[in-house]
Amino acid sequence: MATKTIFRRIIDREIPATIVFEDEHCLAFQDVNPQAPTHVLVIPKKDIPSLAALQPADHAVVGHLLMVISRLAADLQLDRGFRVVCNSGPEAGQTVEHLHFHLLGGRPMLWPPG
Ligand code: 5GP
């Protein structure tokens, strides 16, 4: 069996995380190394390695993740704005091979990103 990613281990409750939202399809938890006052990771429970690896069958779950992010941003009172980042592949800085969206907020953001 392939080695589990750290995020699969969080879904399976093998390692702890500060979970802020969970439903049948996804999990949202605090990033262990926050880059902003609010830094939440939103991931599918399905094993999808990256945005580049999406299949047509993943259409609904990805839409659901974005809906959850929108709701979380409101719940977390990020009314001044927030940023959603999805690193795909090594050159973009993806370090965990399980699809995840970063929800960042609580401070002004710069553009372009580094
Ligand atoms: P990436 O660099 O792949 O876009 O983002 C991976 C993110 O996962 C990083 O922001 C990193 O801080 C976070 N991360 C890595 N390991 C853990 C962990 O064990 N627990 C939590 N909560 N976040 C993690």
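How many disulfides does a search of the whole structure find? The search returns zero, a disulfide being defined as a pair of cysteine sulfur atoms within 2.5 Å. The structure is a predicted model, in which local features need pLDDT of at least 70 and side-chain atom pairs count only at pLDDT 80 or more, while totals for chains, interfaces and linings use all residues. Residues are numbered from 1 along each chain as its sequence is written, and side-chain values use heavy atoms, with hydrogens and water left out.

The sulfur of Cys26 lies 14 Å from the closest cysteine sulfur, in Cys86, and this is too far for a bond. Cys26 is buried, at 0% relative accessibility, whereas Cys86 is partly exposed, at 22% (buried, under 20% relative accessible area; exposed, over 50%; partly exposed, in between; 1.4 Å probe, protein chains only).

An N or O atom in the side chain of His100 is 2.8 Å from an oxygen atom of the ligand, and for the side chain of His102 the corresponding distance is 2.8 Å. A backbone N or O atom of Val96 is placed 3.2 Å from a ligand oxygen atom.

Technical notes
A polar contact is a pair of N or O atoms within 3.5 Å; within protein, one must be able to donate a hydrogen and the other to accept it, and residues adjacent in sequence count only if both atoms are side-chain atoms.
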